[in-house]
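Me: Please take a close look at a single part of this model. I would like the aromatic pairs and what surrounds them.

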Amino acid sequence: MSEVEEYNQQKPVKTSKQHNVLPIWGNEQTMNLNPLILANIQGSSYFKVHLFKLKTYHEVVDEIYYQVKHLEPWERGSRKTAGQTGMCGGVRGVGAGGIVSTAFCLLYKLYTLRLTRKQVNGLLQHTDSPYIRALGFMYIRYTQPPADLFDWYADYLDDEEEVDPRAGGGGSTTMGAIVRQMLIKLDWFSTLFPRIPVPIQKQIEQKLAEHNRQSNATKPAANYRGGNSNNNANTNYNTGRMDSDRREHDDRDRRDYGDGDRYAKDRPPRRDERDRERDRDRDRERDRDRRDRERDHNRDRHRERSRSRDRHQDKARDRHRQRSRSRDRRYR
């Protein structure tokens, strides 16, 4: 065997992560977005007119810098779900819709550019705005294979840069906390991230637990002696808590996809279910009152029409009698 062949055998094989072309996981047409959000993005004048003019990666990044102020899918106050149930009650990311946010329009615009690995890393390491970085993490969460997520996020689990993802403000957190949330939770405000298969989710939880152990071992004892600090509250995720989060999502799936009756009888109704039932009873009572009022109103109108008809007939008879009398006088 020659030295060249021996070197080629010993040289490590490149993985897909070392290539500049990124694979797209899941539905390539929808970017794995909720159908309602995607329809609102594609139908918005901001996406169809303004973002259509942006043709390059750097132009879109500049637009993110100037326009993105939060990371929710809907603009504040534009989505009304109060009193709605079923498919219009905000269940599993499906709701009544509203004005789709600038952040999600730009996220989908990035997807239409089919970013390379180098460009995504440029988003994650951008220094001008935390929202540019956050959209980079969201792009990865929506488009990359679940098995690669931890490798993408590992270097940013303890990132301390602050960002406020809430529309209207008041929810400031760290980039590391957002990255951890993307790894262990499906919920993202009023929508959901793509589901991670259970075996891969368990591997992610194990790697997170190992990362937390190593981080705690390297911290000075003074940082965690005598109680919980704010940093510990944000970064100390344990396997038991992750298991409970996963069970919560599994229960929600069983309820949403028709297997909820079997599980619902084993647990007392939750507060929001009781409130929803109360709202439904109240709505039924209002409908019943409205029907009664309409029935009474229709009955009164019918009576009024009958009286009017009778008056009209009486007047016609009177006119007929008067004409007959006039005729009789004329011939006498």
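The reply below starts with the aromatic pairs and then turns to the parts around them.

Reply: This is a predicted model, in which local features need pLDDT of at least 70 and side-chain atom pairs count only at pLDDT 80 or more, while totals for chains, interfaces and linings use all residues. Residues are numbered from 1 along each chain as its sequence is written, and side-chain values use heavy atoms, with hydrogens and water left out.

First, the setting. The chain has 15 helices and four strands. Both are DSSP runs numbered from the N terminus: helices are H or I with at least four residues, strands are E with at least two. Of the 332 residues, 34% count as buried. Buried means under 20% relative accessible area, exposed means over 50%, and partly exposed lies in between, with a 1.4 Å probe and protein chains only.

Now the rings. A pair of aromatic rings is described by the distance of the centres and the angle of the planes. Rings of Phe, Tyr and Trp (its six-membered ring) pair if their centres lie within 6.5 Å; planes under 30 degrees apart are stacked, over 60 edge-to-face, and the rest tilted. A search of the whole structure finds nine such pairs. One of them joins Tyr142 and Phe193 edge-to-face, at 5.3 Å centre to centre and 65° between the planes. Tyr142 belongs to helix α7 (residues 130-143), and Phe193 to the loop between β4 (191-192) and α10 (198-218), so this pair ties together parts 51 residues apart in sequence. Tyr142 is buried, at a relative accessible area of 0%. Phe193 is buried too, at 4%.

Another pair is Trp188 with Phe189. These rings are also edge-to-face, 5.1 Å centre to centre, with 85° between the planes. Trp188 is buried at 1% relative accessibility. Phe189 is partly exposed at 31%. Ring pairs link Phe104, Tyr142, Trp188, Phe189 and Phe193 into a cluster.

Asn40 and Phe104 are 64 residues apart in sequence and 10.0 Å apart in space, C-alpha to C-alpha. Asn40 is partly exposed, at 22% relative accessibility. Leaving aside neighbours within four places in sequence, Asn40 is in contact (heavy atoms within 4.5 Å) with Trp74, Gly98 and Val100. In the chain, residues 24 or more positions apart account for 70% of the contacts with a separation of 6 or more.

Two packed helices are described by the angle between their axes and the distance between the axes. Helix α6 (residues 117-124) packs on α7 at an angle of about 135°, with the axes 7 Å apart. Axes are lines fitted to C-alpha atoms, for helices over the stretch in contact, and angles run from 0 to 180 degrees between N-to-C directions. The two helices are therefore oblique to each other. Under 35 degrees counts as roughly parallel, over 145 as roughly antiparallel, 65 to 115 as roughly perpendicular, and the rest as oblique. From α6, Val120, Leu123 and Leu124 meet Ile132, Arg133, Gly136, Phe137, Tyr139 and Ile140 of α7. The residues of this contact divide into seven nonpolar, one polar and one charged. Here Ala, Val, Leu, Ile, Met, Phe, Trp, Tyr, Cys and Pro count as nonpolar, Asp, Glu, Lys and Arg as charged, and the others, Gly among them, as polar.

The loop between α5 (102-112) and α6 holds Arg114. The charged end of Arg114 sits over the ring of Tyr111, 4.2 Å from its centre. That term requires NZ of Lys or CZ of Arg within 6 Å of the ring centre and within 35 degrees of the ring normal. Arg114 is partly exposed at 38% relative accessibility. Its phi is positive, about 50°, although Arg114 is not a glycine. Elsewhere, Lys55 lies over the face of Phe52, at 3.9 Å from the ring centre.
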